[in-house]
Amino acid sequence: MALTFFPSLFPAVSRLSTTCCFFSSSQKLYEIRKMARMRIVDNSAIGKAASNVGKPARVIHVYNKREVGLLGDKVLVTVKGEMKRAYIVGLRKNQAPNVPRMDTNNIVLVDDNGNPLGNRIMVPIPSSLRGKKGDLTKILSLATRFV
């Protein structure tokens, strides 16, 4: 004896069975791509204002070929409606051996010449940034704690 299904008697069940799946086959990406939320960890005025309002910075461009941001990469972010350049100084992504994994995705804002907008960095910075290429020396001179 075959059971028949009457959608008019069970509208919620028929709606669930046709429009929703109960599992996801895609994995979580802990990479920095476009529209990723970032935490500004320097003491610049625009960074403080954004954190007080509760609006995190969002990545709109990553300056490398793959367009996936890694530790030490330069990114273009929007903060309170303004476009600013920044360097990634901490990631939630699983890192290479002996590189610490942070709790949040951290950036330090810089101006067009590469000078940091703030004069202090509030969180520890990975010491592996010392060997990276790029204009990170000014950022590293502001850091007081390294991990």
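Strands β1 and β5 run parallel and are joined by 2 bridges; helices (H or I, at least four residues) and strands (E, at least two) are DSSP runs, numbered from the N terminus. This is a predicted model, in which local features need pLDDT of at least 70 and side-chain atom pairs count only at pLDDT 80 or more, while totals for chains, interfaces and linings use all residues. Residues are numbered from 1 along each chain as its sequence is written, and side-chain values use heavy atoms, with hydrogens and water left out.

Two strands count as paired if DSSP finds at least two bridges between them.

These pairings belong to a closed barrel of 5 strands, in the order β1-β2-β3-β4-β5, with mixed pairing. From one strand to the next the twist averages 55 degrees; axes are lines fitted to C-alpha atoms, for helices over the stretch in contact, and angles run from 0 to 180 degrees between N-to-C directions.

Strand β4 (residues 82-90) runs antiparallel to β5, and 5 bridges join the two. I88 stands opposite I107 in β5. Strand β5 (residues 106-110) is largely enclosed by the rest of the structure, because 5 of its 5 residues are buried. Buried means under 20% relative accessible area, exposed over 50%, and partly exposed in between (1.4 Å probe, protein chains only). From β5, N106, V108 and V110 point one way, I107 and L109 the other way, and all are buried.

Contact means heavy atoms within 4.5 Å. The C-alpha atoms of I46 and K80 are separated by 7.8 Å, although the two residues are 34 residues apart along the chain. I46 counts as buried because its relative accessibility is 14%.

N43 has its place in the loop between β1 and α2. With 13% relative accessibility, N43 counts as buried. Its side chain makes a polar contact of 2.7 Å with the side chain of N119. A polar atom of the N43 side chain also lies 3.1 Å from the backbone nitrogen of R120. A polar contact is a pair of N or O atoms within 3.5 Å; within protein, one must be able to donate a hydrogen and the other to accept it, and residues adjacent in sequence count only if both atoms are side-chain atoms. Leaving aside residues up to four places away in sequence, N43 touches K48, G118, N119, R120 and M122.
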